[in-house]
Amino acid sequence: MAGIVTLTMNPTIDTSTSTSYVIAEQKLRCRQPRDDPGGGGINVSRAIKKLGGESKAFYFAGGWYGEKLKELLDREKIDHVPIPIQGSTRQDLIILDERSKKQYRFQTPGPELQESELDACYKALSEISPRPEYLVASGSLPPGVPEDFYARVGRLAHEFGSRFIVDTSGSALVHAARAGAFLLKPNLKELQILVQHDVEDESRIEGAAREVLETGEAEVLVVSLGAGGALLATREHLRYLRAPTVPIVSKVGAGDSMVGGIVLKLAEGEAIETAVQYGVAAGAAAVMTPGTELCRKDDTDRLFQKMAAAPGSEK
């Protein structure tokens with residue numbers, strides 16, 4: 001199988017728990033918390049592992065939470081390369097209100113990174129051997145990181161001959177797209193940022209996807225439509241891949257599971273349509289699991305087979 005490397009600029013410890021109800025100014029008694037390694041690229045690597053594949057995760061780590069993150073990744077038997085930082089790795093909190101079934105997600109900004117730490121990251125990536133076929137940059141940029149850092153990583157991927165996959169938002173996404181990527185995975189809001197106009201209905205979504213492809217910002221665009229699945233756009237065609245209806249337990253990590261499923265199948269030599277369909281199945285499987293557990297292989301394979309029996313619509 002082709003090599004996969006993931007990059008996480010702003011990793012976290014995801015602590016998830018639940019309580020009977022969430023109400024202001026009262027002591028809320030929570031269930032026993034669960035800690036999982038988190039952050040875009042790390043979750044992509046975790047999803048790949050859960051689906052039976054392998055990858056190497058590069059990420060920043062500092063302080064007590066950084067050490068905890070390394071332990072959790074070791075526990076999940078994920079090949080990982082921590083890049084030391086002076087600041088402390090962040091912790092995010094996910095609370096389920098058992099009465100309303102609503103999930104509350106509290107995210108912290110993360111440590112401010114120093115220029116020397118960014119240089120160490122770039123150096124570590126530039127020394128990867130053997131060169132990966134896929135380099136996945138996923139997640140937000142923490143304070144102190146230039147908005148064009150993913151673009152810089154993308155240029156490195158081009159030098160490697162690696163396929164660059166990006167899943168981020170805001171200015172980081174715009175800069176990465178301008179540098180050119182093999183695959184971008186925006187949601188509707190992020191697609192709107194890329195094209196700088198509204199994408200309110202299906203025809204405008206399709207037009208915006210074609211616009212991104214025509215500029216050369218990506219060879220493949222996978223527009224996440226949430227519960228609706230995804231729109232796969234290439235220069236040859238557009239195809240809607242509808243997600244199967246599943247019970248929603250937690251939406252944390254659904255997008256990362258989708259990316260993990262896509263890149264795993266691409267690395268196994270599958271066609272892009274099959275890979276994205278499997279990614280949509282992995283994303284749907286992720287919402288069926290509690291907290292930040294991500295997708296399960298049995299669920300993903302079952303949903304994928306169900307989708308294959310009822311293929312999406314092509315335009």
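The legends below describe a predicted model, first as a whole chain and then in several close-up views.

Residues are numbered from 1 along each chain as its sequence is written. Because the model is predicted, local features need pLDDT of at least 70 and side-chain atom pairs count only at pLDDT 80 or more, while totals for chains, interfaces and linings use all residues, and side-chain values use heavy atoms, with hydrogens and water left out.

Figure 1. Helices (H or I, at least four residues) and strands (E, at least two) are DSSP runs, numbered from the N terminus. The radius of gyration, taken over C-alpha atoms, is 19 Å, which agrees with the value near 20 Å that a compact globule of 315 residues would have; the globule rule is 2.2 Å times the number of residues to the power 0.38. Along its principal axes, the C-alpha trace spans about 55 × 45 × 40 Å. Of the 315 residues, 55% count as buried, where buried means under 20% relative accessible area, exposed means over 50%, and partly exposed lies in between (1.4 Å probe, protein chains only). Contact means heavy atoms within 4.5 Å, and among the contacts between residues at least 6 apart in sequence, 65% join residues at least 24 apart.

**Figure 2. The largest nonpolar core and the surroundings of Met9.** A nonpolar core is a set of buried Ala, Val, Leu, Ile, Met, Phe, Trp, Tyr and Cys residues joined through side-chain atoms within 4.5 Å. The largest such core has 46 residues, of which Met9, Leu125, Leu184 and Leu221 touch the most other members. Helix α4, residues 149-160, gives the most to this core, with 6 residues. Leaving out residues up to four places away in sequence, Met9 touches Phe60, Leu113, Leu118, Ser140, Leu141, Pro142, Val145, Phe149 and Tyr150. A second, separate core holds 40 residues, including Ala47, Leu266, Ala267 and Tyr278.

**Figure 3. Ile165, a buried residue in a strand.** Ile165 is placed in strand β9, residues 163-167, and it counts as buried at 2% relative accessibility. Apart from neighbours within four places in sequence, Ile165 is in contact with Tyr134, Leu135, Val136, Ala137, Phe182, Leu183, Val259 and Val263. Asp35, which is 130 residues from Ile165 in sequence, is 27 Å from Ile165 in space, C-alpha to C-alpha.

**Figure 4. Ser16 in strand β2 and Leu96 in strand β6.** Ser16 belongs to strand β2, residues 12-19, and is buried, with a relative accessible area of 8%. When neighbours within four places in sequence are set aside, the contacts of Ser16 are Gln32, Pro33, Arg34, Ile94, Gly291 and Thr292. Leu96 belongs to strand β6, residues 90-97, and is partly exposed, with a relative accessible area of 24%. Not counting residues up to four places away in sequence, Leu96 touches Thr17, Ser18, Thr19, Lys101, Lys102 and Gln103. The C-alpha atoms of Leu96 and Cys30 are separated by 9.4 Å, although the two residues are 66 residues apart along the chain.

**Figure 5. Glu98 in the loop between β6 and β7.** With residues up to four places away in sequence not counted, Glu98 touches Ser18, Thr19, Ser20 and Arg31. One of these residues, Thr19, is 79 residues from Glu98 in sequence and 6.0 Å away in space, C-alpha to C-alpha.

**Figure 6. Backbone features at Glu25, Leu294 and Pro130.** Most residues other than glycine have a negative phi, and most peptide bonds are trans. Glu25, in the loop between β2 and β3 (34-38), has a positive phi of about 60° although it is not a glycine, and Glu25 is exposed, with a relative accessible area of 85%. Leu294, in the loop between α9 (272-286) and α10 (297-309), has a positive phi near 70°, and Leu294 counts as buried at 1% relative accessibility. The peptide bond from Ser129 to Pro130 is cis, with omega near -5°, and Pro130 is placed in the loop between α3 (115-126) and β8 (134-138).
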